[in-house]
Structures are given as structure tokens and as C-alpha cells.
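Below are my notes on the model you sent. Please read them with the structure open.

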Amino acid sequence: MIFESKSDPGCIFLPKMFWRTLAWPCALNIRGAAVSDLSRNLYMHLRFIISLILAGLIAPEIFAQDKSQPTVDELVAKNIEAKGGATALHDLQSLRLTGKLLVQIGAQIELAYLQIKKRADEVRTEASLQGMTQIQAYDGKEGWTVSPFFGRKDPERMSADDVKALIEDSEIDGALVDWQTKGSSVEYLGTEDVDGTPAHKLKVVRKNGDVSFVYLDPDHFLEIRILTERTRHGAQEEEETDLGDYEKAGGVFVPTSIESGRKGAQDKQRIIIDKVEANVPVDDAVFHFPASK
């Protein structure tokens with residue numbers, strides 16, 4: 001019903017019921033928006049609270065995992081201690097290892113084996129059979145070889161690529177000790193299975209670019225495997241060496257069982273050391289290229 005104002009003809013009044021009817025939908029819309037905003041705010045608030053709770057539960061676990069993860073310095077320190085300690089390693093100036101070399105060439109062949117190491121970075125390795133002796137030596141600057149089993153009885157200088165393995169052999173302490181001084185970088189890569197042992201894996205990048213993956217026993221922290229990737233004559237090669245049966249000489253533990261060869265190969269050569277002598281007198285001449293007669 002519509003009313004006209006008596007005091008002001010032409011002015012029309014709408015009844016209160018009309019305004020109430022018009023106001024209800026608006027009020028409902030306002031309440032709906034308010035409820036929607038409230039629900040959204042509650043949802044966001046709950047999500048925030050749940051996130052905080054989950055973070056509180058997960059963070060200690062992550063922290064514990066990070067805390068239990070050893071560092072490179074810790075593992076190197078444990079490796080040094082396991083070998084006999086820094087003082088014993090420093091006092092070890094030479095090693096003389098004698099034993100046998102077992103090689104698979106169809107059948108197994110046994111050769112007499114001798115290796116002499118002397119600081120700094122000198123090594124000579126001999127393998128003898130039936131009066132012939134294979135020699136490989138490095139004097140800290142150059143390497144040379146005598147290969148009578150291949151018909152070469154005169155000493156020959158080795159190429160830079162061929163001498164890489166000898167340089168690694170010359171390290172009395174191994175690849176990890178004094179790695180900074182050697183110009184290497186070391187990275188810890190976690191643990192990896194080595195014949196059923198969850199060994200600590202360290203990546204050693206030498207200054208010449210070759211890479212050695214050193215595996216440490218989780219209980220004794222001694223090397224049990226070394227996988228070396230090196231470039232030789234333009235080709236990439238992998239050499240896997242397993243170490244064991246450590247014996248103490250001159251206060252330092254030395255592996256007396258060494259098996260090496262191409263990764264995954266079945267014909268790896270094996271060295272069994274019968275005698276380890278520490279700090280024996282060694283003439284430097286045995287490492288140098290022989291003078292012409």
C-alpha cells in the first residue's frame with residue numbers, strides 16, 4: 001500500500017513492511033559474506049597452527065639427522081687416529097713390504113712382490129718370476145719402468161698419464177691425510193654398501209683432476225675400498241682397490257691384503273703382504289732412473 005503525504009502533496013511514503021522486506025535479503029547477503037570471510041579466516045588460521053605443529057615435530061628429527069651426519073674433518077680425524085695417530089704417521093718415514101702377487105692369466109700365476117715407499121713421494125714396486133723382474137718406480141718427479149715380461153729389459157721413462165697410479169701409491173698416509181696440503185678437495189657423500197658394510201664414502205678430487213672415492217669402515221674408520229676414476233691417454237678408466245687385513249708397523253696400521261683391477265672385473269690381481277718393515281734405511285738411488293752404463 002502506498003501513502004501520499006498530507007503536508008507535502010506529491011511526496012509518497014512506502015510502508016515500513018516494504019523496507020523490512022527489502023532489508024532481509026540485504027541482511028542475509030551481508031551475513032553470508034561475513035560467514036564466508038569468517039570460515040576462510042578460521043581455515044587459514046588452522047592451517048597456520050597445523051603447520052607450526054608439524055614444523056615442531058619434524059624440526060627435531062631433521063636436526064638430529066644433521067647432527068648425526070659426520071663432517072669431512074671428523075672422518076679424516078678418525079681415519080688418522082685409526083691408523084695410529086698423527087705423531088706415528090709423521091714419524092713413519094719409509095715402508096718395505098714383501099709378499100706375493102697373484103695374477104689371473106687363464107690360470108693363477110704367483111710372483112714375488114716387493115714395494116718400498118719413502119717420504120716424500122717416492123715408491124718402487126717389483127714383481128719377480130723365473131729370474132725376471134718387472135720394475136715401476138717414481139722419485140717424486142718422474143716415473144720409469146722395466147718390463148722384461150713384454151720383452152723390454154732396459155729402463156724406460158713413463159708418460160705423465162702412466163705415472164698417475166704410482167704417484168698415488170707413493171702416499172704413505174693415503175689420500176685423506178693432509179688433503180689440503182696436497183691440493184685436493186674432499187666431500188662427504190654419505191654411506192654406501194661395500195660387500196654388506198655401510199661404509200662412509202668420501203670423494204677426493206686431486207689437483208690433476210683425477211677422482212678417488214674412498215670408503216671407510218664405519219666401525220674402525222680405515223680404508224676398505226678405493227675407487228679411482230682417471231683419464232689415461234684420452235680415455236676414462238676406473239680402478240677398484242679393496243684393502244684389508246691391517247697390521248701394525250712403526251705404530252701405523254698398514255693393509256696387507258690388496259686386491260685391485262678394473263671395476264667389476266673378475267680377474268683382479270691380489271697382493272698378499274707377508275712382512276711389513278717400518279723406517280728401514282733406503283737409498284734414494286733405487287727410485288731414480290738408472291744412469292747409463
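**Notes on the predicted model**

1. Ala-120 lies in the loop between strand 4 (107-118) and strand 5 (122-129). The peptide bond joining Arg-119 to Ala-120 is cis, with omega at about -5°. Asp-121 is placed in the loop between strand 4 and strand 5 as well, and has a positive phi of about 60° although it is not a glycine. Most residues other than glycine have a negative phi, and most peptide bonds are trans. Asp-121 is partly exposed, at a relative accessible area of 40%. I would look at this loop by eye.

2. A positive phi in a residue other than glycine also turns up at Asp-178, where the value is near 55°. Asp-178 belongs to the loop between helix 4 (164-169) and strand 9 (185-194). With 47% relative accessibility, Asp-178 counts as partly exposed.

3. On confidence: this is a predicted model, and the mean pLDDT of the protein chain is 84, with 77% of its residues at 70 or more. Over residues 1-35 the pLDDT is below 50, and this stretch has 14 contacts in the model beyond near neighbours in sequence. Residues 59-66 also have pLDDT below 50, with one contact beyond near neighbours in sequence. Where pLDDT is low, the predicted coordinates should not be read in detail.

4. On the overall make-up: the protein chain comes to four helices and 15 strands. Of its 293 residues, 37% are buried. Taking contacts between residues at least 6 apart in sequence, 40% join residues at least 24 apart.

5. How many aromatic pairs does the structure hold? There is one. The ring centres of Trp-144 and Phe-289 are 6.1 Å apart and the planes stand at 80°, so the pair is edge-to-face. Trp-144 is in strand 7 (residues 143-147) and Phe-289 is in the segment after strand 15 (269-278), so the pair ties together parts 145 residues apart in sequence. Trp-144 is buried, with a relative accessible area of 3%, whereas Phe-289 is partly exposed at 22%. The cut-off for buried is under 20%.

6. The ring of Phe-289 has a charged group over it: the charged end of Arg-157 sits 3.9 Å from the ring centre. A second case of a charge over a ring is Lys-201, whose charged end sits over the ring of Phe-213 at 4.8 Å from its centre.

7. Strand 7 and strand 8 run antiparallel and are joined by three bridges. Ser-147 has Arg-152, in strand 8, as its bridge partner. The two strands form a hairpin with four residues between them, and Gly-151 in the turn has a positive phi of about 80°. Strand 8 (residues 152-157) is hardly covered, as the count of buried residues among its six residues is zero.

8. Is Glu-240 buried or exposed? At 9% relative accessibility, Glu-240 counts as buried. Glu-240 is placed in strand 13 (residues 235-249). A polar contact of 2.5 Å joins its side chain to that of Lys-268. Leaving out residues up to four places away in sequence, Glu-240 touches several others, including Arg-225, Ile-226, Leu-227, Glu-259 and Lys-263. Lys-268 is also one of the residues that Glu-240 touches.

Key:
Residues are numbered from 1 along each chain as its sequence is written. Side-chain values use heavy atoms; hydrogens and water are left out. pLDDT is the predictor's confidence in each residue, from 0 to 100. Contact means heavy atoms within 4.5 Å. Buried means under 20% relative accessible area, exposed over 50%, partly exposed in between (1.4 Å probe, protein chains only). A polar contact is a pair of N or O atoms within 3.5 Å; within protein, one must be able to donate a hydrogen and the other to accept it, and residues adjacent in sequence count only if both atoms are side-chain atoms. Rings of Phe, Tyr and Trp (its six-membered ring) pair if their centres lie within 6.5 Å; planes under 30 degrees apart count as stacked, over 60 as edge-to-face and the rest as tilted. A charge sits over a ring if NZ of Lys or CZ of Arg is within 6 Å of the ring centre and within 35 degrees of the ring normal. Two strands pair if DSSP finds at least two bridges between them.
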